[in-house]
Amino acid sequence: MVATDRKMDYLNDEFFEGLSKEEIEQLNSELCDDLLPAADRVKYHIDKKGQNFIDKEALSKWMEEAAVASQIGQDYIPFAKETKGKKFVKVEEKKEKTVYDDEFEKLLAEAEGIGDCDITDGDIDALAEILGANSLLGSVDVSSCTRPGNETGLTSPIPDIRANYLVEAGDMEEVNEIDVEETLQEIQNNDSSLTHCIFNNVPLDQEMIDNITSAMVDNTSVTKLDMCNCAITDESIDGFITLLKTNTTLESLSLETNKITGKQLKLMVQALEFSETLKELRIANQYFTTGVGDEMAISKALANNTSVVKFSLNWKNGGARNSADRLIMRNCDLARKKRQGIS
């Protein structure tokens, strides 16, 4: 203990000689001197001695072996170091693709059936890449460009993220307790009390979907039909196209989160030319992405309809989206003028 100012003048050596070690430590903790080191001013001290050096690598190895030997749980997966992101490639190691005129002419000649050699699928893919066709196609269109008997398809240089994207179970957790058979019977009987049909989150087979669309053709009571996440595929789209062309009561149709390709979505939107009552069409979040060509066709088809004021689709092409937005705004303005009695 150190005494350096007048606070400790009343203490002498005889006083300290009569104190035990514990009493000195207690006195040292109670009489705090600003000139004492921080370690001596605190009231709590640890008398534990420092430990020896620990071999971290050996300890880690022992812990891993002990964990494996303990057999706690059946889902143990050993740690494997992985590198995130793309592998760094030096600029000088990148190889530029060079297309020679004679090779290009050979591919064209073989594609036209001229020449002695048979063109392979790899040659077709290479030719499509040269022409830039695969960058203009969606995932479904690319996979359909194979020759008969081959299912390889073209490989697009642009990664199509949504092509392999599965909708998470958490996005559609709501349980639908609708009685499908009973609701179908009410649609067929044109029950006036049924105006909103909600089949969301109920997996339906193709036969049931066809029965629903067939019943909706002559129904004059249902104004809103929701069939989101019902596993609807291209095989059932003809019924919806017929429904859009003939039904004069339906105002809202939702087919989001299904498995409809861009080609069939395009045909559905083109069928809106014959509909004057539908105000809302939702076809976003499909399992397959829509090709740029189909998106352009969809935006053009919207020009032939003046009743739809709400439209949803996962656009990839900015020009097609802007064109569709302008057409929807036009329809909203026409609906406003109609409500106000303005010609």
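In which helix do Arg336 and Asp333 both lie, and how many residues apart are they? Both are in helix 13 (residues 318–340), three residues apart, about one turn of the helix. Helices (H or I, at least four residues) are DSSP runs numbered from the N terminus.

The model is predicted: local features need pLDDT of at least 70, side-chain atom pairs count only at pLDDT 80 or more, and totals for chains, interfaces and linings use all residues. Residues are numbered from 1 along each chain as its sequence is written, and side-chain values use heavy atoms, with hydrogens and water left out.

**View 1. Salt bridge between Arg336 and Asp333 in helix 13.** The two side chains meet at 2.5 Å, N to O. A salt bridge is a side-chain nitrogen of Lys or Arg within 4 Å of a carboxyl oxygen of Asp or Glu. By this rule the count comes to four salt bridges. Arg336 has a relative accessible area of 32% and is partly exposed; Asp333, at 27%, is also partly exposed. Buried means under 20% relative accessible area, exposed over 50%, and partly exposed in between (1.4 Å probe, protein chains only).

**View 2. Network of Asp333, Arg336 and Lys337.** Asp333 also forms a salt bridge with Lys337, at 3.6 Å from N to O. Lys337 and Asp333 are four residues apart in helix 13, so about one helical turn separates them. Lys337 is partly exposed, with a relative accessible area of 29%. Salt bridges link Asp333, Arg336 and Lys337 in a network.

**View 3. Salt bridge between Arg282 and Glu280.** The closest N and O atoms are 2.3 Å apart. Arg282 is partly exposed at 27% relative accessibility, whereas Glu280 is buried at 13%.

**View 4. The largest pocket and its lining.** The volume is about 320 Å³, taken as the space filled by probe spheres set on grid points joined across faces, edges and corners. A pocket is an open set of points on a 1 Å grid over the protein atoms alone, where a 1.4 Å probe fits, with protein on both sides within 12 Å along at least five of seven lines; lining residues have an atom within 4 Å of a point. Among the lining residues are Glu276, Thr306, Val309, Asn331, Leu334 and Arg339. The lining divides into three nonpolar, four polar and four charged residues. Ala, Val, Leu, Ile, Met, Phe, Trp, Tyr, Cys and Pro count as nonpolar, Asp, Glu, Lys and Arg as charged, and the others, Gly among them, as polar.

Terms used: Helix = DSSP H or I, 4+ residues; strand = E, 2+ residues; numbered from the N terminus.
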